[in-house]
Amino acid sequence: MKIVGLTGGIGSGKTTVAKMFSELGVPVYNSDKEAKKLMQSSKKVREGIINLFGPNAYQGKKLNKTYISSKVFKDTQLLQKLNAIVHPAVREDFLNWASELKNPYVIQETALIFENRMQDFYDVTILVTAPQAIRLERVMLRDDASEEKIQDRMKHQLDDSEKIGMADFIIENLDLQKTAQKVEAINRALLDNS
């Protein structure tokens with residue numbers, strides 16, 4: 001079974017593309033969603049986060065996302081320390097999930113493959129791109145967030161121009177019909193080579 005990494009900058013449309021693969025019958029693991037679950041349910045992850053951020057990291061049993069976001073998106077080192085706690089737990093969870101499946105390939109949807117030099121974990125990588133202005137607009141609408149907050153998050157991601165040379169497949173996500181056609185073509189290529 002091939003392990004495929006699906007990535008792209010914030011607002012590029014990774015989740016839209018992941019849903020298209022899912023509709024073709026491909027199992028997709030959403031790292032962001034699963035990371036949030038693990039930050040709630042994993043005792044080890046929870047303890048690591050409390051050790052890093054202090055008792056304000058959680059409100060009762062719930063992760064205090066606002067508090068943590070306000071810290072990490074202004075401090076690269078703190079973000080790296082948080083990622084060092086969460087990413088290995090997500091990777092282990094993903095591998096356990098994938099080991100239960102018998103498909104020709106599975107997809108791990110994850111934002112920072114190239115930023116974290118994780119491309120060697122995957123047999124194939126797919127990069128979803130869109131112009132920065134469009135990505136900014138999408139995220140402002142989706143998250144009801146300020147331009148400044150989104151720019152802070154974007155600063156922690158490589159520019160598409162740097163990632164394009166590292167990816168096996170590129171999907172420019174501007175027109176949903178063309179995106180769906182590209183997804184179908186990549187699916188066929190992956191099935192033909194499995």
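1. Contact here means heavy atoms within 4.5 Å, and by that criterion Ile-68, Lys-71 and Val-72 in H4 meet Thr-76, Leu-78, Leu-79 and Leu-82 in H5. Helices (H or I, at least four residues) and strands (E, at least two) are DSSP runs, numbered from the N terminus. The model is a predicted one, in which local features need pLDDT of at least 70 and side-chain atom pairs count only at pLDDT 80 or more, while totals for chains, interfaces and linings use all residues. Residues are numbered from 1 along each chain as its sequence is written, and side-chain values use heavy atoms, with hydrogens and water left out.

2. The axes of H4 and H5 come within 7 Å and cross at roughly 125 degrees; axes are lines fitted to C-alpha atoms, for helices over the stretch in contact, and angles run from 0 to 180 degrees between N-to-C directions. H4 and H5 are therefore oblique to each other, given that angles under 35 degrees count as roughly parallel, over 145 as roughly antiparallel, 65 to 115 as roughly perpendicular and the rest as oblique. The residues of the contact of H4 with H5 comprise 5 nonpolar, 1 polar and 1 charged.

3. Helix H6 (residues 132-143) and helix H7 (residues 147-154) have axes that come within 10 Å and cross at roughly 120 degrees, which makes H6 oblique to H7. On the H6 side the contact is made by Gln-132, Arg-135, Leu-136, Val-139, Met-140 and Asp-143, and on the H7 side by Glu-147, Ile-150, Gln-151, Arg-153 and Met-154. By class, this contact of H6 with H7 has 5 nonpolar, 2 polar and 4 charged residues.

4. Val-86 touches Ala-35, Met-39, Val-45 and Ile-49, not counting residues up to four places away in sequence.

5. Arg-117 lies in the loop between strand S5 (105-109) and strand S6 (124-129), and its phi is near 50 degrees, a positive value in a residue other than glycine. At 70% relative accessibility, Arg-117 counts as exposed, where buried means under 20% relative accessible area, exposed over 50% and partly exposed in between (1.4 Å probe, protein chains only).

Methods
Ala, Val, Leu, Ile, Met, Phe, Trp, Tyr, Cys and Pro count as nonpolar, Asp, Glu, Lys and Arg as charged, and the others, Gly among them, as polar.
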